[in-house]
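This briefing sets out the principal features of the model shown below.

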Amino acid sequence: QVQLVESGGGLVQAGDSLRLSCTTSGRTSAMGWFRQSPGSEREFVAAISWSGGGTLYADSVKGRARIARDNTKTIYLLMNSLKPGDTGVYYCAAQTDGVMTSRDVGYDSWGQGTQVTVSS
């Protein structure tokens with residue numbers, strides 16, 4: 001397992017854009033973002049392969065989100081046209097060895113989460 005540190009959350013208005021960052025303490029394979037809103041289960045948002053050449057998105061954010069990595073230890077989630085439904089705690093997740101997946105059980109390291117609140 002590795003340590004993950006997220007940043008970039010906050011309070012924004014509907015229609016705004018936001019960039020979340022996640023930095024790891026060590027080597028990882030695929031990485032991803034998940035989110036959880038009050039009263040709901042954690043849900044997949046986006047994932048990226050170790051090389052950055054492969055990406056995967058939830059239907060709810062497809063076309064509004066982009067996941068990217070600038071090296072093997074830092075990934076970003078850029079979201080635009082934010083909606084109140086995007087509100088939640090966003091978690092960064094990483095695999096130490098494995099393939100990109102939308103299933104949270106596929107990740108063995110998790111960050112503490114960063115709150116994103118989208119006001120209408």
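In this predicted model, Asp86 counts as buried because its relative accessibility is 2%, under the 20% limit. The residue is placed in the loop between β8 and β9. Its side chain is joined to that of Arg64 by a polar contact of 2.9 Å, and a polar contact of 2.9 Å also joins the side chains of Asp86 and Arg35.

- Beyond four places in sequence, Asp86 touches Arg35, Arg64, Met79, Ser81, Val116 and Val118.
- Arg35 belongs to strand β4.
- With a relative accessible area of 5%, Arg35 falls under the 20% limit and is therefore buried.

**Nonpolar core**

- In soluble globular proteins, nonpolar side chains tend to be buried together.
- The largest nonpolar core here comprises 30 residues, and Met31, Trp33, Ile67, Ile75, Leu77 and Tyr90 have the most contacts inside it.
- At least two residues of this core come from each of β3 (18–24), β4 (31–36), β5 (43–48), β7 (65–69), β8 (74–79), β9 (88–94) and β11 (114–119).
- Strand β5 provides the largest share of the core, 5 residues.
- Tyr90 is in contact with Leu20, Trp33, Phe34, Val45, Leu77, Met79 and Val116, among others, when neighbours within four places in sequence are left aside.
- The contacts of Tyr90 on that basis also include Glu6, Arg35, Gly113 and Thr114.

**Strand pairing and the open sheet**

- Strands of a sheet pair through backbone hydrogen bonds, either parallel or antiparallel.
- An open sheet is formed by 4 strands in the order β1-β3-β8-β7, with antiparallel pairing.
- β1 (4–7) and β7 each have a single partner strand and stand at the edges, so one side of each is left without a neighbour in the sheet.
- From one strand to the next, the twist averages 15°.
- β1 and β3 run antiparallel and are joined by 4 bridges; the bridge partner of Leu4 in β3 is Thr24.

**Strand β11**

- β11 is joined by 4 bridges to β2 (residues 10–13), and these two strands run parallel.
- Within that strand, Ser119 is the bridge partner of Gln13.
- β9 and β11 run antiparallel, with 3 bridges between them; Val116 of β11 is the bridge partner of Gly88.
- In a regular strand the side chains alternate between the two faces of the sheet.
- The covered face of β11 consists of Thr114, Val116 and Val118, while Gln115, Thr117 and Ser119 make up the uncovered face.

**Loop residues**

- Most residues other than glycine have a negative phi, and most peptide bonds are trans.
- Ser81 is not a glycine, yet its phi is positive, at about 50°.
- Ser81 is located in the loop between β8 and β9.
- Its relative accessibility of 40% lies between the 20% and 50% limits, so Ser81 counts as partly exposed.
- Ser17 occupies the loop between β2 and β3.
- With residues up to four places away in sequence not counted, Ser17 touches Met79, Asn80 and Leu82.
- The C-alpha atoms of Ser17 and Ala65 are separated by 9.5 Å, although these residues are 48 apart along the chain.

**Overall architecture**

- The protein contains 11 strands and 0 helices.
- A radius of gyration of 13 Å is close to the 14 Å that the globule rule gives for 120 residues, so the protein is as compact as a globular protein of that length.
- The C-alpha trace spans about 40 × 25 × 20 Å along its principal axes.
- Of the 120 residues, 46% count as buried.
- Among contacts between residues at least 6 apart in sequence, 59% join residues at least 24 apart.

Notes. Residues are numbered from 1 along each chain as its sequence is written. This is a predicted model: local features need pLDDT of at least 70, side-chain atom pairs count only at pLDDT 80 or more; totals for chains, interfaces and linings use all residues. Side-chain values use heavy atoms; hydrogens and water are left out. A nonpolar core is a set of buried Ala, Val, Leu, Ile, Met, Phe, Trp, Tyr and Cys residues joined through side-chain atoms within 4.5 Å. Buried means under 20% relative accessible area, exposed over 50%, partly exposed in between (1.4 Å probe, protein chains only). Contact means heavy atoms within 4.5 Å. A polar contact is a pair of N or O atoms within 3.5 Å; within protein, one must be able to donate a hydrogen and the other to accept it, and residues adjacent in sequence count only if both atoms are side-chain atoms. Two strands pair if DSSP finds at least two bridges between them. Axes are lines fitted to C-alpha atoms, for helices over the stretch in contact, and angles run from 0 to 180 degrees between N-to-C directions. The radius of gyration is taken over C-alpha atoms; the globule rule is 2.2 Å times the number of residues to the power 0.38.
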